[in-house]
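Hi,

Here is the structure I promised to pass on. Have a look at it first, and my notes on what turned up follow below.

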Amino acid sequence: MSETAEVKVKEPLFSKKNKKLLTDPLNDDNPITIQVLGICSALAITVQVKQAFVMALSVLVVMIFSNLIVSLMRNLIPSRVRIIVQLVIVAALVILVDQVLKAFVYDVSKQLSVFVGLIITNCIIMGRLEAFALANKPFPSILDAIGNAAGYGWILIVVAVFREFFGSGKLWGIQVIPQSFYDFGYFNNGLMILPPMALITVGIIIWVQRSRNTKLIESN
Amino acid sequence: MDVNKNSYIFGFSAILVIVVAAILSFAAESLKPMQTENVRIEKMQNILASVGVEATPKEAGKLFDQYIVDQKLLNHEGKVVEKDGLSAFDIDAVKQYKDKNLSDSEKYYPLFTFQNEEGKRYIVPMAGKGLWGPIWGYVAFAEDMNTIAGSTFDHKTETPGLGAEIKEKFFTEKFIGKTIFEGDEFVSVEIVKGGQPWDSPHKVDGISGGTITSVGVGEMMERTLSVYVPYFKSNPKASL
C-alpha cells in the first residue's frame with residue numbers, strides 16, 4: 001500500500017477487491033468453518049434460532065463499529081498496547097449496545113442477556129481488528145466487518161435451525177412438528193440441545209464445504 | 001510523531017480511557033430512566049401473567065392499577081406489617097433472597113390481591129436459585145388460599161431448551177389446581193421426576209434435562225410459601 005498508488009488511482013467503491021471482502025468470508029474464508037474462530041458462541045447460543053439471529057445481528061453491529069473505529073485510529077494506536085486498546089473499544093461498544101437494547105427493546109435485551117459478554121470475547125472481532133482493520137482504510141474495514149459477521153451469522157443460524165428443529169420440534173419458537181407425529185411415537189432428540197451436537201453440526205458443515213471445494217483441504 | 005514512545009503510550013491510554021468512561025457513563029445515566037421504567041413494567045406484566053392476564057408493555061400500568069386492589073407487606077412470621085416508605089411493589093424478591101447480610105426480621109414479603117369479576121386471587125412473589133443463577137416467579141392462589149390459580153416463572157441464565165423451559169406455559173400450567181395444604185398441614189408443591197405419580201395434588205412433573213432448575217422451583221416455593229402459612233391459615237376465607 002504505497003502512498004503514491006493511492007493518490008493516482010481512485011478505487012471504485014465496490015471494486016473487485018472490495019467485493020471479495022464481502023463474499024469471501026461467506027464461504028471460502030468463513031470465520032467459523034475455515035478460520036475456526038468464534039466457535040465458543042456457535043456452541044453456546046445455537047439452541048434456538050431467535051437467539052442465534054439476535055446474536056448474529058449484535059455481532060454485526062459491534063464488528064462494523066469496532067472495525068471502523070480501529071481503522072480510523074490505526075495510525076494513532078501504539079503497537080505495544082494495541083490489543084488492550086482493541087479490547088477497550090470492543091468492550092465499550094458492547095456495553096453501549098447492551099444499554100441501548102435495555103432502554104429501547106427490552107425483550108430483545110433479555111434474550112441476549114448472558115450472550116452480550118460473549119461478544120466481547122468473540123475471537124472473530126479481535127481477529128478482524130488485528131488482521132484487517134489495523135492495516136486498512138475505513139471503507140474496506142467496514143466491508144470486511146459486514147462480510148465476516150455475515151459469514152459468522154449464517155453458520156450460526158443454520159446450526160440453530162438444525163438444533164431447534166430436531167431438539168425441540170420448533171423453529172423461531174413455533175411448533176413445526178405436528179402433534180400427530182408425537183402421538184405416533186416420535187420423540188424430540190434431547191441430545192441436539194446439548195453443546196456436543198453443535199460441534200458435530202458445525203463439523204458436518206465443514207465436511208460438506210471441504211468436499212465441495214477440495215482446495216480447502218490441508219495437504220498434510 | 002513516534003507512537004511507540006513511552007510518554008505517548010501513557011498519554012494515549014489515559015485519553016482513551018477517559019473518553020470511553022465519559023461516553024459510557026453518559027449513556028448509562030441518560031438511558032437509566034427508560035431502563036428502570038422497563039423493569040417496573042415487566043414486573044407488572046409478570047404479576048398479571050400469574051393470574052392469566054396478558055398485558056402488553058403499553059397497557060400494563062393501566063391494567064395493574066385496575067386489577068391489583070391491595071398490596072400488603074408481611075414480615076418473616078407471616079404477620080401483616082406497615083413500614084414507612086416501603087411499598088409491597090418495591091420489594092425486590094431476588095435481591096432480598098441473595099442479600100446474605102439481611103437478618104430474617106429485616107426481610108419483607110409482599111402479597112398482592114388481584115380482583116376481577118370472578119373473585120379474588122392472592123399473588124405471592126418468590127425467588128430462589130436454579131442451576132446457573134437466580135430464578136424467580138409469582139404464584140397466584142384462589143380465595144381459599146390453598147389452591148394454585150396460576151403461576152409464572154422466570155430465570156436469568158438457565159440453559160435454553162432445558163432449565164429455561166420453566167418460563168414456558170406448558171410447565172406453569174401444570175401448577176393450576178394443585179394445593180399446598182394437606183388437611184391442616186403445609187406440604188407445598190413438590191417437583192418430581194418422571195415415572196412418579198405426579199397426578200397427586202401436591203406434585204408436579206418436572207422438566208426432563210432440567211432437573212436442578214425444577215428442583216430449585218420446588219425449593220423456592222416451599223421456602224417462600226412457608227412464610228405465608230400463618231397468614232393463610234388466619235384468613236377467614238381459607239378453607240383448610
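Helix α5 of chain B (residues 211-234) has 24 residues, which at 1.5 Å a residue should span 34 Å, and its end C-alpha atoms sit 35 Å apart, so the two agree. (The expected span is 1.5 Å times one less than the number of residues; helices are DSSP runs of H or I with at least four residues, strands are runs of E with at least two, and both are numbered from the N terminus.) This is a predicted model, so local features need pLDDT of at least 70 and side-chain atom pairs count only at pLDDT 80 or more, while totals for chains, interfaces and linings use all residues. Residues are numbered from 1 along each chain as its sequence is written, and chains are lettered from A and ligands numbered from 1 in the order in which they are written.

Back to α5(B): there is a kink of about 45° at Tyr228(B), shortly before the proline Pro230(B). (The bend is the angle between axes fitted to the seven residues ending at a residue and the seven starting there.) Tyr228(B) is also one of the buried residues of this helix, which include Met220(B), Met221(B), Leu225(B) and Phe232(B). Buried means 20 or more other C-beta atoms within 10 Å of a residue's own, exposed means 12 or fewer, and partly exposed is in between, with C-beta atoms placed from the backbone. What do the buried residues of α5(B) pack against? Strands β1 (68-74), β3 (109-116), β4 (119-129), β5 (134-141), β6 (148-155) and β9 (190-192) of chain B, with contact meaning C-beta atoms, placed from the backbone, within 7 Å.

Now the sheet. Chain B has an open sheet of 6 strands with antiparallel pairing, in the order β2-β1-β3-β4-β5-β6. Its edge strands are β2 (80-81) and β6, each pairing on one side only. (Strands pair if DSSP finds at least two bridges between them.) β1(B) and β3(B) are joined by 6 bridges, and Asp70(B) stands opposite Thr113(B) in β3(B).

β4(B) and β5(B) pair over 8 bridges, and a hairpin links them through 4 residues. Met126(B) is opposite Gly137(B) in β5(B), and Gly137(B) has Phe153(B) as its bridge partner in β6(B). In β5(B), 8 of the 8 residues are buried, so the strand is largely enclosed by the rest of the structure. The count for β6(B) is 7 of the 8, so that strand is largely enclosed too.

At the other end of chain B, UniProt (unreviewed entry) lists a "transmembrane region" at residues 6-28; its positions are in the numbering used here, feature names are shortened, and annotations may be inferred rather than shown by experiment. That stretch is 100% helix and 0% strand in the model, with end C-alpha atoms 33 Å apart. Arg40(B) sits in helix α1 (residues 6-49) and is partly exposed, with 15 other C-beta atoms within 10 Å.

Finally, the contact between chains takes 24 residues from chain A and 23 residues from chain B. On the chain A side, α5 (82-104) and α9 (138-168) are the elements giving two or more residues, and α5(A) gives the most, with 9 residues.

Cheers

Key
Contact = placed C-beta atoms within 7 Å.
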